[in-house]
Amino acid sequence: MSQAMTLSEEQKSFFEQEGYLVIKGLYSPEEVNVLNELYHKIWLRLMAGGHIQQAPNRPLNSLYPRLRDYHKDHEGITRFILKPEAMEALESLTGEEMLACQTSYYFKAPGASGLPLHQDNYSIGAYPDTTYAVWVSLDRSEESNGGLHVVPGSHRLEIISPANVPKTVNAYGLRLDLPEGYSIRQVENEPGDVVIFNGNILHGSSHNESEDLFRRAIVTHFARSSVEKITLNYSNLVNKHGVKVRRRLNSDPRVVETKETLFEFRDAKFYDQIIHRE
């Protein structure tokens, strides 16, 4: 039987002020190994079926794409992301039952590019409020092998439309500049550590400059059960009991409504493709 996960008032205050929280060792080494082995088997089946093709200009990275939403067909993944201690921690921070929106598993192979600053709810489109990510480190994660970084306090900002930039500036052609008065903080993790962060916080990742180290991670994005509309997987949300539920489709992901104003999305398809590469 799992033990209850109780966050301290200090942890709750940190999350409220900074927009993210690191919880050390929430997942055991055994749980991490089982999940990695499960995804390895999925990867092998995709390779054997010819669903993964090697690109000459990205010979290693192209062999290890992100694996998205495999929790829909694999009970073991669903059990992992809905671990009671993880859900209790998340709901302790949000004060509400949460719904899983989507999952993405990343190999972050050696040589993989980092991801520029972005906000998750830019493409997920949860309304009202925002999304909340539970990011689980499955390898040692630091700046040198493509670790996560965040901009503390930026969760108080509204959704920001990124600027179009030449792909010589970054591979994605879009950029969010670091707002004045904010700074980037690198987050280092061991396997089994969890980072919970607000869907409006600016965050990204560094390049994996290692010659032989992957930086595997799985991230699940959640929305409050009171969410009214959402863009991605609106008909395939999952509650903490593993039961599928639905919400209304946010049919125009280029616009997110807030109480005060409207914020325009630019190139939502782009963010649907890259937002989970961190």
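His149 stands opposite Gly204 in S10, and this pair belongs to the antiparallel contact between strand S5 (residues 148-150) and S10, which are joined by three bridges. Strands here, like helices, are DSSP runs numbered from the N terminus, a strand (E) having at least two residues and a helix (H or I) at least four, and two strands are taken to pair if DSSP finds at least two bridges between them. The two strands are part of an open sheet of three strands, in the order S8-S5-S10 and with antiparallel pairing. Strand S8 (185-186) and strand S10 (203-205) stand at the edges of this sheet, each with a single partner strand, so one side of each is left without a neighbour in the sheet.

The model is a predicted one, in which local features need pLDDT of at least 70 and side-chain atom pairs count only at pLDDT 80 or more, while totals for chains, interfaces and linings use all residues. Residues are numbered from 1 along each chain as its sequence is written, and side-chain values use heavy atoms, with hydrogens and water left out.

Over its whole length the chain has six helices and 17 strands. Of its 278 residues, 52% count as buried, a term that means under 20% relative accessible area, against over 50% for exposed and partly exposed in between, with a 1.4 Å probe and protein chains only. The chain exposes about 13,100 Å², of which carbon and sulfur atoms supply 48%; accessible areas come from the Shrake-Rupley method with a 1.4 Å probe, and for residues only the protein chains shown count as cover. Among contacts in the chain with a separation of 6 or more, 82% are accounted for by residues 24 or more positions apart, contact meaning heavy atoms within 4.5 Å.

Strand S4 has seven of its seven residues buried, so it is largely enclosed by the rest of the structure. In a regular strand the side chains alternate between the two faces of the sheet. Both faces of S4 are covered, with Thr131, Ala133, Trp135 and Ser137 buried on one side and Tyr132, Val134 and Val136 buried on the other. S4 runs antiparallel to S11, to which seven bridges join it, and it also pairs in the antiparallel sense with strand S9 (residues 194-198) over five bridges. At 3% relative accessibility, Thr220 counts as buried; leaving aside neighbours within four places in sequence, Thr220 is in contact with Ile81, Ala100, Gln102, Thr103, Tyr132, Ala133 and Val134.

Thr220 also lines the largest cavity, together with Tyr27, Ile81, Val134, Val136, Ile218 and Val219. The elements that give two or more residues to this lining are strand S4 (131-137) and strand S11 (217-224), and S11 gives the most, with three residues. A cavity is a set of points, on a 1 Å grid over the protein atoms alone, where a 1.4 Å probe fits but cannot get out, and lining residues have an atom within 4 Å of a point. About 30 Å³ of space lies in the largest cavity.

Helix H4 (residues 84-94) is mostly covered, eight of its 11 residues being buried; these are Glu85, Ala86, Met87, Ala89, Leu90, Glu91, Leu93 and Thr94. Just after H4, Gly95 takes a positive phi of about 75°.

Notes. On a 1 Å grid over the protein atoms alone, a cavity is a set of points where a 1.4 Å probe fits but cannot get out, and a pocket is an open set with protein on both sides within 12 Å along at least five of seven lines; lining residues have an atom within 4 Å of a point. Grid points are joined across faces, edges and corners, and a volume is the space filled by probe spheres set on the points.
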